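Biologist: Could you take me through this structure, please? I would like to ask about its surface and its charged contacts.

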Amino acid sequence: MARSRKPVNPAAENALDQMKFEVASELGIADHVRSNGWNTMTSADCGRVGGHMVRKMIEQYESTLK
């Protein structure tokens, strides 16, 4: 079964894109992404961005549990 690229909540797509650029900025690769696009990024850089996004989402969720 193929995986869908659509977010579970379509309204969250803009928020996820914004978070992706925030993380890229923290990692120092935002300028490269803005000028060349995500297609030119290495898979390692994209993986770093995704990993940091997951960490942030987990931290945000855990802070709501307290």
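This is a predicted model: local features need pLDDT of at least 70, side-chain atom pairs count only at pLDDT 80 or more; totals for chains, interfaces and linings use all residues.

Biologist: How much space lies in the largest pocket?

Modeller: The largest pocket holds about 630 Å³ of space. It is lined by 13 residues, and the closest to its centre are Ser4, Arg5, Pro7, Leu16 and Lys20.

Biologist: Which helix gives the most to that lining?

Modeller: Helix H1, residues 13–27, gives the most, with four residues. By type, the lining of the largest pocket has five nonpolar, two polar and six charged residues.

Biologist: Why does Leu16 count as partly exposed?

Modeller: Leu16 counts as partly exposed because its relative accessibility is 31%, and that class runs between 20% and 50%.

Biologist: And how many salt bridges are there?

Modeller: The count comes to two salt bridges. In one, Lys56 pairs with Glu26, with the closest N and O atoms 2.9 Å apart. This pair links distant parts of the chain, as Lys56 is in helix H3 and Glu26 is in helix H1, 30 residues apart.

Biologist: Is Glu26 buried or exposed?

Modeller: Glu26 counts as exposed because its relative accessibility is 54%. Lys56, at 21%, counts as partly exposed.

Biologist: What does Asp45 form a salt bridge with?

Modeller: Its partner is Arg48, and the closest N and O atoms are 2.5 Å apart. Asp45 and Arg48 are three residues apart in helix H3, so about one helical turn separates them.

Technical notes: Residues are numbered from 1 along each chain as its sequence is written. Side-chain values use heavy atoms; hydrogens and water are left out. On a 1 Å grid over the protein atoms alone, a cavity is a set of points where a 1.4 Å probe fits but cannot get out, and a pocket is an open set with protein on both sides within 12 Å along at least five of seven lines; lining residues have an atom within 4 Å of a point. Grid points are joined across faces, edges and corners, and a volume is the space filled by probe spheres set on the points. Helices (H or I, at least four residues) and strands (E, at least two) are DSSP runs, numbered from the N terminus. Ala, Val, Leu, Ile, Met, Phe, Trp, Tyr, Cys and Pro count as nonpolar, Asp, Glu, Lys and Arg as charged, and the others, Gly among them, as polar. Buried means under 20% relative accessible area, exposed over 50%, partly exposed in between (1.4 Å probe, protein chains only). A salt bridge is a side-chain nitrogen of Lys or Arg within 4 Å of a carboxyl oxygen of Asp or Glu.
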